[in-house]
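This report describes how the parts of one protein chain are arranged. Please look through the sequence and the structure before reading on.

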Amino acid sequence: MTASLALGCASLGNLYHAIDDERAAATVDAAWDAGIRYFDTAPHYGLGLSERRLGAALAGRPRADYKVSTKVGRMLEPVPGGGDRLDDGGFAVPATHRRVWDFSRDGVRRCLDESLDRLGLDRVDLVLLHDPEDHADQAIGEGYPALRELRDQGVVGAIGTGSKDAAFLARFVAECGPDEIIVAGRYTLLEQRALDAILPACAAAGTAVLNAGVFNSGLLAVERPHAGLPYEYGPAPAEVVARAAAIADVCAAHGTTLPAAALAFAGSHPLVRSVIVGADSPEQVRRNAELFGTPPPAALWPALVDAGLLDPRARP
């Protein structure tokens, strides 16, 4: 399987900082022009703003030519008067709604109905239970069977889950055998924890992997990692920055860059179908697409293994 590049649409929901509608639309247009045809969103991203912007940007394009995934499990409930303050979930949007965890059958179906309305679509290609690790029993016992019903009815194409929790992902794949899963930050150039249980479980179940968080929140997105960059949605610890900098040194010695190597590595495993990368501007999309299309030299990988910076099992 050759992995393709996908656009993660959290930034369309004003992740960390606000962008306007024109810039959001131009970002999707740039992705389309770069050949990207898979777009991943969720109600969580900007309290529905990402879904609305993505749907508007894709409107008028042939529906058979692109794929959209969204997520369920976080219901958006109106908050009277919430527009007077900002959301506290990491998105620069008015707090007009609050997120309520709900992986029940009714919750899943209602959540999807509302997403379809925001997207302006009558079906989506993939629906994922969103970060259900703290609600694992309900997600597996109620949420996933609800997704199977929706798939059988033709409302959705494929079904699965998305999470950064390695133990939950391995359990979910083993018990549910989903079509696809999003693995967030657990199979990157900086860490390869997915090799221990997630990827073997996916191989046994025939589950495809969508690899997200491949820059580890931003630490691997620059050529020279430094203190102050984010890692796992918080400040990067000094030892993690040092490891990333050491990887960058090996990349430079082989005529490539850390971001280029991170993207190439993320798509190198045979189970990985897509590499999902976010962007908040057309320039970021074009840079990522160019890097993704320029793989580093093959000698890089054994050099990283020899330096103790890459798990030997992960060598592309």
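## Terms and model

An axis is a line fitted to C-alpha atoms, for a helix over the stretch in contact, and an angle is taken between N-to-C directions, from 0 to 180 degrees. Helices and strands are DSSP runs, numbered from the N terminus.

The model is predicted. Its mean pLDDT over the chain is 97, and 100% of the residues score at least 70. Among the elements of the chain, strand S2 (residues 38-40) has the highest mean pLDDT, 99. The lowest mean, 90, belongs to strand S11 (residues 234-235). Where pLDDT is low, predicted coordinates should not be read in detail.

## The barrel

Which strands form the closed barrel? Eight strands do, in the order S1-S2-S3-S6-S7-S8-S9-S12, and their pairing is parallel. On average, neighbouring strands of this sheet are turned by 30 degrees against each other, with direction ignored.

Strand S9 (residues 208-212) and strand S12 (residues 272-278) run parallel and are joined by three bridges. Leu210 has Ser274 in S12 as its bridge partner.

## Helices H3 and H4

Helix H3 (residues 105-119) packs against H4 at an angle of about 50 degrees, and their axes are 8 Å apart. H3 and H4 are therefore oblique to each other. Their crossing is right-handed.

On the H3 side, the contact is made by Arg105, Val108, Arg109 and Leu112. H4 contributes Glu142, Gly143, Ala146, Leu147, Glu149 and Leu150. By class, this contact of H3 with H4 has five nonpolar residues, one polar residue and four charged residues.

## Helices H4 and H5

H4 (residues 136-152) also has a contact with helix H5 (residues 166-176). The two axes come within 11 Å and cross at roughly 30 degrees. Angles under 35 degrees count as roughly parallel, and H4 and H5 are therefore roughly parallel to each other. H4 passes H5 in a right-handed crossing.

Which residues of H4 meet H5? They are Ala136, Asp137, Ile140 and Tyr144, and they meet Phe168, Arg171, Phe172, Glu175 and Cys176 in H5. The contact of H4 with H5 has six nonpolar and three charged residues, with no polar ones.

## Helices H1 and H9

Helix H1 (residues 21-33) and helix H9 (residues 282-292) form another packed pair, with an angle of about 20 degrees and axes 8 Å apart. That angle makes H1 roughly parallel to H9. The crossing of H1 and H9 is right-handed.

In H1, the residues of the contact are Arg23, Ala26, Thr27, Ala30 and Ala31. In H9, they are Pro282, Val285 and Arg286. The residues of this contact of H1 with H9 divide into five nonpolar, one polar and two charged.

Key. Residues numbered from 1 in each chain as written. Predicted model: local features only at pLDDT ≥ 70, side-chain atom pairs only at ≥ 80, totals over all residues. Heavy atoms only, no water. Helix = DSSP H or I, 4+ residues; strand = E, 2+ residues; numbered from the N terminus. Parallel < 35°, antiparallel > 145°, perpendicular 65-115°, else oblique. Left-handed = near helix turned anticlockwise from the far one by under 90°. Contact = heavy atoms within 4.5 Å. Nonpolar A, V, L, I, M, F, W, Y, C, P; charged D, E, K, R; others polar. Pairing = 2+ DSSP bridges. pLDDT = per-residue confidence, 0-100.
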